[in-house]
Structures are given as C-alpha cells and as structure tokens.
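Student: Could you take me through one part of this model in detail? I would like a close look at the place where the two chains meet.

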Amino acid sequence: MEFIQYIGENFTDLLSLAGTHILLVVAGICLALIIGFPLGIIAAKFEKVAPVILSLTNVLQLIPSIAMLAVLMLYFGLGNLTMTIGICLYSLMPIVRNTYVGIKEVKAGILEAGVGIGMTSMQVLTKVQIPLSIPFLMTGLRVAVVIAVSVACLGPYIGAGGLGVEIASGINTLDTMKIYSGVIPAALLAIIADFVLGKIEKKTKKRLA
Amino acid sequence: MNVITDYIEYWQDRYDSILAYVLQHITISFVAIVLAVVIIIPLAIYMTKMKNEKVKNAIFSISNILQTIPTIAMLALMIPFLGIGFKPAVAALFLYAVLPLLRNTYSGIKSIDQSIVESAKGMGFSAFQRILIIEMPLAFPYIMSGIRTTSVYIISWAELAAVVGAGGLGDLILAGIGFNDKKMIFTGTILSILIALFLDVVLGRVEKNILKKHKGGSTI
C-alpha cells in the first residue's frame, strides 16, 4: 500500500526518469546500429579485417560497464552524451557479430543464383544477403537492447538521467520505497523489451522459413 | 615521461589499498562462482532427469528473466532483504550466474549420445554411477566452458558491487569518478580486465589438464 502511495506521489518524476531512460537506450542503440551494421558487413565481405573488427568489439565487451563509463567521462565530461556513447560501445558487439554471422550464413547456392541472374556484387549484398540476414540482426538487436537498458541504469554515476537516478538515491539513503520504484520499472523495461523483440525476431524468422 | 613516473609514484603510495581492493574483488567473485557451481550444476543435472516439462520450462524462463534484470537493479533489490555489504553482492552475482551455468550443463548432458547411457544401463550401472562415471566426464567440456564464461562475466559485474558497499575494484572507480582522477579509474579498469583474463587462462589450463588425465585413464 505504502508503495502504491509513493508511486502515486512521484508519478510524474518517475515517468520523466523512465522517458529519459528509454531515450538514452534508443539513442545509444541507433548509434550502435549506424556504426555496427556497416562494420558487420565489412567484416563479412573482407575476410582479412574480420578478426580485427570482431576481436575489437569483443574486447569492448570485456571492460566492466562502470569502468567504461568512467573512462568515457574523462574525455566527454558528465551527462547524457557520455551515457549515449557508452551504451553504443557496449551494445556494439552483439550487433556486429550477428550481422557478420547472418551474412556469412547465407547459403552459397543462393548467392550463386543471384550471380547467375546477372546481379552485381553490390546487388547481391543489398538484395540477397542483407534481407536474409535480418533475423540474425534481430537476435543481435534484442541482446543489445537488454544490455543497453542495464547500462543506462548506471546514469547517475556519470551525471546522466534515467531510472538509475532513483535506484542510486534509494541505495544511498537505504530507502526501500525508492529502490523498488526505480528497480521495478527498470527491470520491467528490460523484460518487456526482451519479450517484444523476441516476438519480432520469431516473426522475421517465420517469414523467411 | 612525467605521466609514467607519476603513475609509478601513485602505485608506491597506494600499494596497500590497491591490493586490498583486488583481494576484496577476488573474494566476492570467487564466493559467488563457487556457490553457483556447487548449487547450479547439480540442479542442471537433476533437470536433465526431470520428466515434468512444465517445471523445466519454468526454471529456464525464471533464469532467463534473472539475466535480463539490469545489474545495478539486481544489486539494489538485494538491499531490503540482505542489507548492504558482502552478502547482497554475492547474492546478486550468484543469480546472474544461474542462466549460463544451467544452460551449458543442461545442453552438455543432453548432447550425450543416448546409446552410451543405454549401454551403461545394460552393464548394470546405477543412476548415480551413470551420472558420475559416464555423463559428467562426457559433458565436461560444456560444463567447463559454462564456468569459464560465467567467471569472466562475474569478475566484470563484481565491479558494481562497490555500489552496495561490498568494496572491490569498483570502489576505486567510483572514487575516481568522484575525484575526476584518471589514475584511479584506469587502475580499477585495467586490474579488473587483467583478473578476468588471468582467470580465463587458468581455467582453460585446468580444463586441458583434466581432459588429458581423463584420456590417459580411459584407454583400458
């Protein structure tokens, strides 16, 4: 009961925190897609650079999230921009890897057929390989979004917004209400995003099957 | 040049406290990993014998959801139940280790050729003997790779344990953010990556050694 009352009193605040949280995630993921998708294609097209790109994104993943954000903070200052860059770097690996795998997984026979009907290699890429790799990309996107929601919770430590603000102030004041009202929306956000993107992923797989 | 001498000086000054942070970090991660291995692997083996599909699916979806919850949210969630300090950190890290360990052990044992298990049954092995002598060794590479990835991730997540007052290298980073101190931030980051890489190499060695011994012993 107390909890519902607390939520009712602070509803607008919580809503704006959740809004910032979602915006941060969307901005970071968009940035990661803009960078990661071409990187994945390059890795798949040019075998020689593939190990470099893939291991580089892997190493990024190995850095603890708070440490990555702290290092970024040294160069980009406090605020939402740093958080967006951090989310982008952290969700790069699943996107690059899955784009790479998706394009690699297209069967040689299908490629041959594309070449056979007179497609240029650019056309094979845009009309055959990329559409067929969409389900893989969706898998990567789903993983990336879950990671992004988690990383975005660290906002308060580098001066960004998001639901982490509520969680962090709850931890610092040992206020159970605050902890719950930050944790539950954040967890729900991650679970719902995972669920919805999972459904979309299944749909794209079915369409191609 | 100045930067390097500065940094060396920093290490000389802070040698003790950095070592204490490293030890705390390793203790938290180690306790969480050992707990997870001791509890989750038997659970996974039990699940492979379970007939009830519904319970199995429920356990898998719960562990899936646990994995989705943001790290800091999980740590914060432990505070009302376990207070601050060592306990909530270990509990949260343990919950994160559930899914990778469960999935690897389960699929490792499921991947064993059923005819091998059948022939063991025919030779009069009891259920317990089958698990210990046939299934565990055959699924060992899977189980070990589960433990390896889990350990590496737990070392990285343990960095956040500092937020709930458990200490560890995260303290160094949080303090570094507070003072805007590059040396603290980089020390905390690099040490945690080094610990993770070191653990990965050590566990890889252990895996190879055990596999070698096993192969040597099974030529009878």
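Tutor: Happy to; here is a walk through the contact between the chains, with some context on either side. Please keep in mind that this is a predicted model. On one side of the contact stand 28 residues of chain B, and on the other 30 residues of chain A. In chain B, the elements that each give two or more residues to this side are helix H2 (53-68), helix H3 (71-82), helix H7 (169-179) and helix H8 (182-217). By type, the chain B side divides into 18 nonpolar residues, eight polar and two charged.

Of its 209 residues, 44% count as buried. Among contacts in chain A with a separation of 6 or more, 75% join residues 24 or more positions apart. The C-alpha atoms of chain A fill a box of roughly 70 × 40 × 20 Å along the principal axes.

One more helix of chain B deserves a look: H6 (residues 127-157). Its 31 residues place the end C-alpha atoms only 38 Å apart, whereas a straight helix would reach 45 Å. Within H6(B), a kink of about 60 degrees lies at Phe140(B), shortly before Pro141(B).

Methods: Residues numbered from 1 in each chain as written. Chains lettered and ligands numbered in written order. Predicted model: local features only at pLDDT ≥ 70, side-chain atom pairs only at ≥ 80, totals over all residues. Contact = placed C-beta atoms within 7 Å. Helix = DSSP H or I, 4+ residues; strand = E, 2+ residues; numbered from the N terminus. Nonpolar A, V, L, I, M, F, W, Y, C, P; charged D, E, K, R; others polar. Expected span 1.5 Å × (residues − 1). Bend = angle between axes of the 7 residues up to and from the residue. Buried ≥ 20, exposed ≤ 12 C-beta atoms within 10 Å, placed from the backbone.
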